[in-house]
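Thanks for coming. I have one structure to go through, and I will take the terms as they come up. Please have a look at it first.

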Amino acid sequence: MPSTVLVGTQWGDEGKGKITDLIASDFDYVVRFQGGNNAGHTVIHGDTKLALHLMPSGVMYENAVPVIGNGVVIDPGVLVKEMALLEAEGISCERLKISCDAHVIMPYHKVLDGAEEKRLGNNQIGTTKRGIGPCYQDKIARKGIRVQDLLDEKIFRLKLETALQQKNAVLQKIYGLQTYTVEEICDEYLPYARILKPYMAETAHMLNSALSQGKNVLFEGAQGTLLDIDHGTYPYVTSSSCTSGGACTGAGVGPVAVDRVLGISKAYVTRVGGGPFPTELKFAEDGGSGQDAIDGALLCEAGHEFGVTTGRKRRCGWFDSVIARYAAEVNGLTDIAMTKLDVLSAFDTVKVCVAYECDGERYDYFPMQQSVLFHAKPVYEELPGWKGCDITGCKTYDELPANTRAYIEHLEDITGVPITIVSVGADRDQTIMRGWE
Ligand code: GDP
Ligand code: IMO
Ligand code: MG
């Protein structure tokens with residue numbers, strides 16, 4: 001099994017957790033390379049649904065070493081809790097390795113995330129308020145506190161003191177909020193440091209040594225292509241590089257280490273938070289009406305589309321091949337895993353967006369200007385559905401109804417990427433392998 005980068009091709013929640021867990025048994029290392037606990041990756045363990053926020057979804061397998069790479073931002077309290085939760089489920093976290101270069105989410109990052117959203121009012125991004133943006137801001141501004149700083153109390157106190165001089169002024173003078181003392185943060189964070197110390201490692205060197213010995217590495221992306229800081233629907237994005245290139249900087253390996261790029265796509269599209277979404281089927285409560293509002297509500301209900309991290313209702317829409325083709329390009333996708341096909345069994349016909357129209361112009365490619373995306377009207381093809389056929393028990397491709405197969409093959413044609421994994425339910429065994437080996 002060659003080394004593989006797995007990425008979301010839409011706005012997140014495509015089922016990355018399920019597919020990572022499914023294929024992780026073939027890998028020696030599973031690495032998170034960006035994002036933080038804004039992610040919510042669902043994996044099924046026996047009868048339990050587990051939501052992983054920081055732990056790589058390969059943690060279920062004894063053979064795979066889970067790694068939190070340098071590109072991740074870590075809330076140590078969340079990580080310690082998640083580890084305890086997994087251990088209580090009988091899942092060992094003993095093998096976990098945490099990069100010393102990863103940045104640490106501090107209490108003021110979380111408060112500033114919420115305060116900034118409040119300030120933006122109607123223009124807010126709809127962040128997860130986990131402190132992700134403010135932590136990456138400090139990283140880029142070269143003011144961040146890293147995991148390795150937790151190893152030395154003296155250094156940690158010194159960096160914290162410097163950081164608080166600025167943060168407290170901002171908290172108090174700009175937002176009228178409470179300030180922090182070095183002591184209260186140390187009281188909370190130093191015990192975390194003691195718990196996490198045994199897991200800290202030189203992960204880039206470890207991964208490169210493993211690769212040179214022929215070991216296989218799976219890089220597990222969080223969020224999705226359209227939430228990428230460079231390639232997403234800026235500013236309605238997250239603050240990290242969620243596309244495949246992020247795996248190299250976020251784990252410390254060169255591009256030649258990557259053999260395959262597996263894009264995870266839902267058979268339709270969802271989005272949490274603000275920002276443009278051309279194929280959105282607006283819910284009635286968001287101002288939608290007619291058949292669109294009915295179809296949107298049906299997708300949400302049939303797909304149980306509620307956020308794993310924040311519990312928010314996800315906006316829903318038809319499959320968008322314009323963004324799929326874009327994701328194929330900016331990630332260099334070699335394969336697609338298509339998830340949640342079973343959800344479309346609720347519809348008589350299914351629509352696929354093939355292009356956008358805006359001000360009389362047709363866009364087959366992702367538009368250069370975001371304003372076009374805001375006003376884009378999707379051009380749809382309508383395909384016959386497979387309503388009433390329960391496909392959740394199908395084990396082979398040939399068992400799928402002819403219209404389901406036609407839908408898959410049509411999406412392959414218009415995105416130009418082979419769909420080598422098809423998912424028809426949340427469980428590991430509700431998956432059809434179609435060329436992925
Ligand atoms: P991630 O963030 O990309 O890992 O995705 P989430 O875990 O946030 O959301 C995906 C949801 O869909 C989870 O509740 C999964 O258990 C569920 N899921 C994954 N694949 C399938 C599928 O093929 N069919 C159905 N019905 N649910 C799925
Ligand atoms: P997984 O890994 C879906 C969205 C937020 C918001 C924007 C910025 O489960 O697919 P942030 O807190 O990152 O600053 O918020 O990004 N967002 C996600 N949406 N799935 C995710 O992760 C997300 N992580 C962040 O809703 O719109
Ligand atoms: Mg998720």
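Buried, here, means under 20% relative accessible area; exposed means over 50%, and partly exposed is in between, with a 1.4 Å probe and protein chains only. Helices (H or I, at least four residues) and strands (E, at least two) are DSSP runs, numbered from the N terminus.

This is a predicted model, so local features need pLDDT of at least 70 and side-chain atom pairs count only at pLDDT 80 or more, while totals for chains, interfaces and linings use all residues. Residues are numbered from 1 along each chain as its sequence is written, chains are lettered from A and ligands numbered from 1 in the order in which they are written, and side-chain values use heavy atoms, with hydrogens and water left out.

Overall layout, then. The protein chain has 12 helices and 20 strands. Its radius of gyration is 22 Å, close to the 22 Å from the globule rule for 437 residues, so the chain is as compact as a globular protein of that length. That radius is taken over C-alpha atoms, and the rule is 2.2 Å times the number of residues to the power 0.38. Along the principal axes, the C-alpha atoms fill a box of roughly 65 × 50 × 40 Å. Of the 437 residues, 57% are buried.

A contact means heavy atoms within 4.5 Å. Taking contacts between residues at least 6 apart in sequence, 75% join residues at least 24 apart.

Now to one helix. How many of the 11 residues of helix H10 are buried? The count is 8, so H10, residues 321-331, is largely enclosed by the rest of the structure. The buried ones are Ser321, Val322, Ile323, Ala324, Tyr326, Ala327, Ala328 and Asn331. What do they pack against? Their partners are the strands S1 (4-8), S11 (260-266), S14 (319-320), S16 (349-358) and S17 (361-363), together with helix H12 (402-415).

Both ends of H10 have something to note. At the N-terminal end, aspartate 320 is the cap, with a side-chain oxygen 2.9 Å from the backbone nitrogen of valine 322. Just after the helix, glycine 332 has a positive phi of about 65 degrees.

Next, histidine 41, which sits in strand S3 (residues 41-45). Histidine 41 is buried, at 4% relative accessibility. Its side chain makes a polar contact of 2.8 Å with the side chain of glutamate 220. A polar contact is a pair of N or O atoms within 3.5 Å; within protein, one must be able to donate a hydrogen and the other to accept it, and residues adjacent in sequence count only if both atoms are side-chain atoms. Not counting residues up to four places away in sequence, histidine 41 touches residues including Lys16, Leu50, Ser57 and Ala222.

Some backbone details remain. Tyrosine 234 and proline 235 are joined by a cis peptide bond, with omega about 5 degrees. Proline 235 is in the loop between strand S10 (217-220) and helix H8 (245-251). Glutamine 223 is also found in the loop between S10 and H8, and its phi is positive, near 55 degrees, although the residue is not a glycine. Is glutamine 223 buried or exposed? At 8% relative accessibility, glutamine 223 is buried.

Lysine 129 likewise has a positive phi, about 60 degrees, and is not a glycine. Lysine 129 lies in the loop between helix H3 (107-120) and helix H4 (132-140), and is partly exposed at 43%.
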